[in-house]
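User: I am new to reading protein structures. Could you take me through one, feature by feature?

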Amino acid sequence: KNDLASFHLKMGDCQTCHADGKMKDIKKSITDSETHINAQCKECHGGFADLADKKLKLDPHGSHLGEINCTTCHSGHAKPKLTCNNCHNFKMEMPFADAKAKKKWDGDWDQDKIKKAIARGPVETVDVVVVGGGNAGFNAALSAQVEGAKVLLLEKAPYVGGNSMLAAGGINAVGTPQQKAKGIKDSVNWFIEDTMKGGRYKNDPKLVKILGEQSADAVKWLESLGVNLDDLTRSGGARVQRTHRPHGGASAGPQIMATLNKVAKERGIPVRLNSRVEKIVLNDDKSVAGVVVHGRHSGYNMIAAGSVVLATGGYGMNKQMIAYYRPTFKDMTSSNNVTATGDGILLAKEIGASMTDIDWVQAHPTVGKDSRILISETVRGVGAIMVNTDGQRFVNELTTRDRASDAILKQKGKYAWLVFDKQLVEKKKMIRGYDRLGMLSKGSTIEELAKATGMKDLAKTVADYNKYQAAGKDAAFGREDMPIKFNQPPFYAVKVAPGIHHTMGGVAIDTDANVLNLQSWKMDGLFAAGEVTGGVHGFNRLGGNAIADTVIFGRIAGKNAAKHALKK
Ligand code: MEZ
């Protein structure tokens, strides 16, 4: 048979696993996180660094997913999954591809099994359950533990990270040593004003105030854990450079997530993978009693907890929810992780939580056309211009995302090109990544690039832009920051179109990250942070404010959840 287990028969025989009683032992050793199996894989094969194949242009063992479980892609008797192709479109051969497909373990939520799990009572008790293993979840878990709480983090995917792992940009913060070193004048009030203006003044000002005031501390905290955030760039809608990023132009998200995961491990916080929460259980007095979790191997079980933190992310990959809340975006691509299915919103709604701005969905203007790959706002921040199919600029590249997306959708073909030169490729590791993915068109002159892409007016546009850049004033669109003159070949272009990126609305929270009910009262023991919530970003989120939101409100939620549980 052509499956991984049969292949490994070389090492032993069927009896290695199937001898009397042996399967029982093996089954017992299989936890939902599949830790034991993965440890066994690594015992023979080493880690991903050992498996990385330098000869491959794109190596699945050396990706931004980091050291995820081997079983995320490979399984014993069943067909392997090319997890990368949740977002990419690689023509990569998977070994044992013709093994039989395995039944999905995480189909519908089974109400009958949920009821039975509640009736059986809790199999485990902790102080705080954190639902979701992205940036908000890990920050909540770490903060809850600092308060002395026994914490358990549950993640439905076979790997952690959610949308945070895909975050390319960085974290917005004001008053940091990085801004000081670059002589950037900024203030908390400017941060707040930019965020409110970007959100069309529909944000909750109390939440935005916290975002601005605690942003520098959020950067300091991430740095204290080992994240490098030395670089600064300017994101759309910000009046100064305040997006903090890793130096060398690497994407921020993978670095942050790898660090948080490592620190959680070092601090002994259990992170349980393949574990989807399908119910928040309430006591008769409506206080939180715990959750029902559906584990890939363990099935349905209730876990008792004094507090629950929802950190499940948004609903950008839930087609039904998009079609319902934002029908005009229903056929749009999405930059989101497959995990962004709105679970937390559904869980909270079911027990009477109130929602804020639930129908506000952000389209990021620059997702690679016909792909799910985000071309980071950083690319415009460090100098790229955006032009239409004729090679003409049509918008201030650093305007807010809603305006840039609307402007693109009015162009011929509803797409645009980002154009830049060698300087950006040298500066930004992430751009070299787009090149490896085959997304860039190239020309050794602007004219050559124009010919390759059919942008007839590109040479004139670039010449005009270079004049504005030299004069320090964009006479065409009022772009405030023009860091590069286009004069270093080769020249590059990448085709982009708007894609669903962030769902601004969600569970209503107060400044302590308590979830609010329909009467705007605190729901006793229920907290939430990050993209699952609404109110922080209003109708439009600024680039760099998501990581700020997830770190700041993740920490607030974790701390308050712990205090609440410990005082019970
Ligand atoms: O905050 C973001 O979503 C962001 C900065 C994205 C990006 O374009 O890199």
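User: How many cavities of 30 Å³ or more does a search of the whole structure find?

Analyst: Start with the general idea. Rolling a probe the size of a water molecule over the atoms shows where empty space is left. Now the case here. This is a predicted model. The search of the whole structure finds 1 cavity of 30 Å³ or more. The volume of the largest cavity is about 30 Å³.

User: Which residues line the largest cavity?

Analyst: Its lining consists of Leu4, His74, Ser75, Gly76, Ala78, Pro80, Pro95 and Phe96. Sort that lining by class and you get 5 nonpolar, 3 polar and no charged residues.

User: Let me look at two of those residues. Where does Ser75 lie, and what lies 3.4 Å from a polar atom of its side chain?

Analyst: Look for Ser75 in the loop between α5 and α6. A polar atom of the Ser75 side chain is 3.4 Å from the backbone oxygen of Ala78. Ala78 is also one of the residues that line the largest cavity. For a sense of distance, take Gly478. It is 403 residues from Ser75 along the chain, and the two C-alpha atoms are separated by 55 Å.

User: And what is the phi of Phe96?

Analyst: Phe96 has a positive phi, about 65°, although Phe96 is not a glycine. Find Phe96 in the loop between α5 (48–51) and α6 (111–120).

User: Next, the peptide bonds. Which residues does a cis peptide bond join?

Analyst: Pro489 and Pro490 are joined by a cis peptide bond. Omega is about 0° there. Pro490 belongs to the loop between α20 (458–471) and β15 (491–503).

User: Now the sheets. How do I read one?

Analyst: General idea first. Strands of a sheet pair through backbone hydrogen bonds, either parallel or antiparallel.

User: How many bridges link β3 and β5?

Analyst: There are 2 bridges between β3 and β5 (residues 243–245), in the antiparallel sense. To see a bridge, find Ile171: its partner in β5 is His244.

User: What is the pairing in the sheet with the order β10-β16-β19?

Analyst: That open sheet of 3 strands has mixed pairing.

User: Why is one side of β10 and of β19 left without a neighbour in the sheet?

Analyst: β10 (355–356) and β19 (533–534) stand at the edges. Each has a single partner strand, so one side of each is left without a neighbour in the sheet. The partner of β10 can be named: β10 pairs with β16 (residues 506–508) in the antiparallel sense, over 2 bridges. Within that pair, Met355 stands opposite Val507.

User: Do β1 and β9 run parallel or antiparallel?

Analyst: Parallel. β1 (residues 122–131) is joined to β9 (residues 299–310) by 8 bridges. Thr125 stands opposite Ala304 in β9. β1 also pairs with β2 (residues 151–154), again in the parallel sense, over 4 bridges. There, Val130 has Leu153 in β2 as its bridge partner.

User: Last, the ligand. Which residues are around it?

Analyst: Find Ala168, Gly169, His364, Leu374, Ser376, Glu377, Arg401, His501, Arg541, Gly543 and Gly544. By class, this shell has 2 nonpolar, 6 polar and 3 charged residues.

User: What lies 2.7 Å from an oxygen atom of the ligand?

Analyst: A polar side-chain atom of His364. A polar side-chain atom of Arg401 is 3.0 Å from a ligand oxygen atom. For Gly169, a backbone N or O atom lies 3.1 Å from an oxygen atom of the ligand.

User: How much of the ligand's accessible area does the protein cover?

Analyst: On its own, the ligand has 270 Å² of accessible area, and the protein covers 94% of it.

Key:
Residues are numbered from 1 along each chain as its sequence is written. This is a predicted model: local features need pLDDT of at least 70, side-chain atom pairs count only at pLDDT 80 or more; totals for chains, interfaces and linings use all residues. Side-chain values use heavy atoms; hydrogens and water are left out. Two strands pair if DSSP finds at least two bridges between them. A residue is near a molecule or strand if one of its heavy atoms lies within 4 Å of it. A polar contact is a pair of N or O atoms within 3.5 Å; within protein, one must be able to donate a hydrogen and the other to accept it, and residues adjacent in sequence count only if both atoms are side-chain atoms. Accessible areas come from the Shrake-Rupley method with a 1.4 Å probe; for residues, only the protein chains shown count as cover. Ala, Val, Leu, Ile, Met, Phe, Trp, Tyr, Cys and Pro count as nonpolar, Asp, Glu, Lys and Arg as charged, and the others, Gly among them, as polar. On a 1 Å grid over the protein atoms alone, a cavity is a set of points where a 1.4 Å probe fits but cannot get out, and a pocket is an open set with protein on both sides within 12 Å along at least five of seven lines; lining residues have an atom within 4 Å of a point. Grid points are joined across faces, edges and corners, and a volume is the space filled by probe spheres set on the points.
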